[in-house]
Amino acid sequence: MDNRDYELIIVGGGITGAAVLYAVSAYTNVSKVLLIEKYEDIATLNSNSKSNSQTLHFGDVETNYSLKKAEEARGEARRVLRYMSLLDKNERERTIRACQKMVLGVGDEESEALERTYHSGIRRLFPGLQILYRDGLERVEPNTVKGRDKDESVTALLSDSGYMVDFERLARSFVSKALDNKRRGKEVALMFNTRVVKLEEKHGVYRLTTTKGEFRAKFVVFATGSYSLLFAKMLDFEKNLSIISVGGDYFISKKMLRGKVYRVQKGGIPFAAVHADPDIRNEKITRYGPTATIPLKLEKRGSTALDYIRSFNYDIKTLETITKVLGNEDILRILETNFVYGLPVVGKRWFFQNEVRKIIPSIKYEHLYYQRGMGGIRPQIVDENTKSFFVGASKLYDHNAIFNITPSPGASSALESGIEDMKYIARALDLRINASKFDRELGLD
Ligand SMILES: Cc1cc2nc3c(=O)[nH]c(=O)nc-3n(C[C@H](O)[C@H](O)[C@H](O)COP(=O)(O)OP(=O)(O)OC[C@H]3O[C@@H](n4cnc5c(N)ncnc54)[C@H](O)[C@@H]3O)c2cc1C
């Protein structure tokens, strides 16, 4: 192999690409692997600590999940906890912290919905889940009831599995553990400030044209967020998917809550309703968000409207799908309201009234600030066959290629996704998986 030929090339240095790099380097006998990232460092986009809500999603308070989806989320989150036990105490404490987490129902409709959820099968999966009413909330999260109208009903489901995670640090930790394997005679290389612009496949070899010349690999993994769909389309397959970008910004105040307070979310809506969170890097604030806007670009940094248009298929089926998805009354209402949140002056007033005061009735308007630079863009996948949103991440497979598209909560599922990719790659390249090391380090009971 010359030095532009690799067994495996991973494109994208967010948490998804970092997790694949880690899993393959640590648990297989891969000999030559390269990660290519277009920016200057690991995790500068959605996986950055400022870009997301830092929640390890367990599936217990996500009211828009089915039981099956909740069970999957629980497995993915437990895998992250398992990985954390491999870190030294200092690194672990900077990367993950246990915190209180609940979903809050305000008014009769939401309260009844939470009652129903609590008495459904959810407690078989999460026996530690508790239901709280006004007096319980006064004890556990007092600012959610202080100043609230006595006639307004409030109910909450309190999780016993609340964690905030610095996904940026987690991604860096994956990469640094992958690099440790260089000592074991593997070539594990990183290449920053290098953008992949074209992908072709000929006679089983993938050719990647980049801003630093051509690289070749037997297997490629794209972990490039929304761009993964564009690269899949370069191989001329999977024409039945499109992406709607859902942007999310945050407001902040001084610390008002003890932990995470989510709001009730309707089924079929893939992105979480506005919620309140602590910040793992700044104990003095509470964050509120993310909003849900529709920016005409794929990423916060650098991407263009042209790329956005190219991620669609330009046909009548696409238009029909988008019209149907955006014509859903609940989704339309969310998008209209969130459009207003983005307007100068009135936006903050509406957000305060509509969202923040529902969680903390006594908060003062002047204590809320729009936080410039916080937030990201979720690639929401739309299936043109079913004319609906996908809930969760999606993988597209060519023979020796995987394309990962990762909407929220893709950071929580990144490690599990990396493990799945590792197993697929090992089969495709006839690599050996060190099963005893894997079970010892990451195995779940
Ligand atoms: C507002 C918001 C809140 C969220 N909250 C949560 C949460 O609480 N919990 C949770 O689990 N998830 C959450 N998510 C989702 C989570 O942040 C993402 O799913 C996750 O970070 C995706 O990781 P990634 O590595 O796939 O993508 P990214 O982190 O976006 O990384 C993709 C990488 O690919 C690189 N790249 C792209 N194109 C190229 C190219 N052509 N050549 C080379 N490199 C390229 C980019 O530069 C980037 O580094 C949230 C997301 C948003 C936007």
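**A colleague's note on this predicted model**

1. The chain has 14 helices and 19 strands; helices (H or I, at least four residues) and strands (E, at least two) are DSSP runs, numbered from the N terminus. This is a predicted model, where local features need pLDDT of at least 70, side-chain atom pairs count only at pLDDT 80 or more, and totals for chains, interfaces and linings use all residues. Residues are numbered from 1 along each chain as its sequence is written.

2. Start with the overall shape. Along the principal axes, the C-alpha atoms of the chain fill a box of roughly 70 × 50 × 40 Å. The radius of gyration of the chain is 22 Å, which agrees with the value near 22 Å for a compact globule with 445 residues. That radius is taken over C-alpha atoms, and the globule rule is 2.2 Å times the number of residues to the power 0.38.

3. Among contacts in the chain with a separation of 6 or more, 76% come from residues 24 or more positions apart. A contact here means that two C-beta atoms, placed from the backbone, lie within 7 Å.

4. Have a look at A18, which sits in helix α1 (residues 15–27). A18 counts as buried because it has 33 other C-beta atoms within 10 Å. Which residues does A18 touch, leaving aside its neighbours within four places in sequence? They are G13, I42, A171, F174 and V175. The C-alpha atoms of A18 and V175 are 5.6 Å apart, although 157 residues separate them along the chain.

5. On to helix pairs. Two packed helices are described by the angle between their axes and the distance between the axes. For α1 and helix α7 (residues 167–180), the angle is about 30° and the axes are 8 Å apart. That makes α1 roughly parallel to α7. Axes are lines fitted to C-alpha atoms, for helices over the stretch in contact, and angles run from 0 to 180 degrees between N-to-C directions. Under 35 degrees counts as roughly parallel, over 145 as roughly antiparallel, 65 to 115 as roughly perpendicular and the rest as oblique.

6. The crossing of α1 and α7 is left-handed, that is, the near helix is turned anticlockwise from the far one by less than a right angle (right-handed if clockwise). On the α1 side, the contact is made by I15, A18, A19, L21, Y22, S25 and A26. On the α7 side, F167, L170, A171, F174, V175, K177 and A178 take part. The residues of this α1 and α7 contact divide into 12 nonpolar, 1 polar and 1 charged. Here Ala, Val, Leu, Ile, Met, Phe, Trp, Tyr, Cys and Pro count as nonpolar, Asp, Glu, Lys and Arg as charged, and the others, Gly among them, as polar.

7. Helix α1 has another partner, helix α13 (residues 410–429): their axes come within 8 Å and cross at roughly 40°. That makes α1 oblique to α13, and the crossing is right-handed. Residues of α1 in this contact include I15, A19 and Y22, while those of α13 include G410, A414 and I425. By class, the contact of α1 with α13 has 13 nonpolar, 4 polar and 1 charged residues.

8. How do α2 and α13 cross? Their axes come within 8 Å, at roughly 80°, and the two helices are therefore roughly perpendicular to each other. The contact joins A73, G75, E76, A77, R79, V80 and Y83 of α2 to S412, S413, L415 and E416 of α13. It divides into 5 nonpolar, 3 polar and 3 charged residues.

9. Helix α8 (residues 227–234) has Y227, S228, L229, F231 and A232 buried. Their cover includes strands β9 (196–202), β11 (213–222), β12 (241–254), β18 (394–398) and β19 (401–405). Just after α8, D236 takes a positive phi of about 65°.

10. A few backbone spots to check. Most residues other than glycine have a negative phi, and most peptide bonds are trans. A43, not a glycine, has a positive phi of about 55°, and Q54 has one near 60°. A43 lies in the loop between β2 (32–36) and α2 (67–84), and Q54 is found in the loop between β2 and α2. The peptide bond from G289 to P290 is cis, with omega near -10°; P290 lies in the loop between β15 (282–289) and α9 (305–310).

Technical notes: A residue is buried if 20 or more other C-beta atoms lie within 10 Å of its own, exposed if 12 or fewer, and partly exposed in between; C-beta atoms are placed from the backbone.
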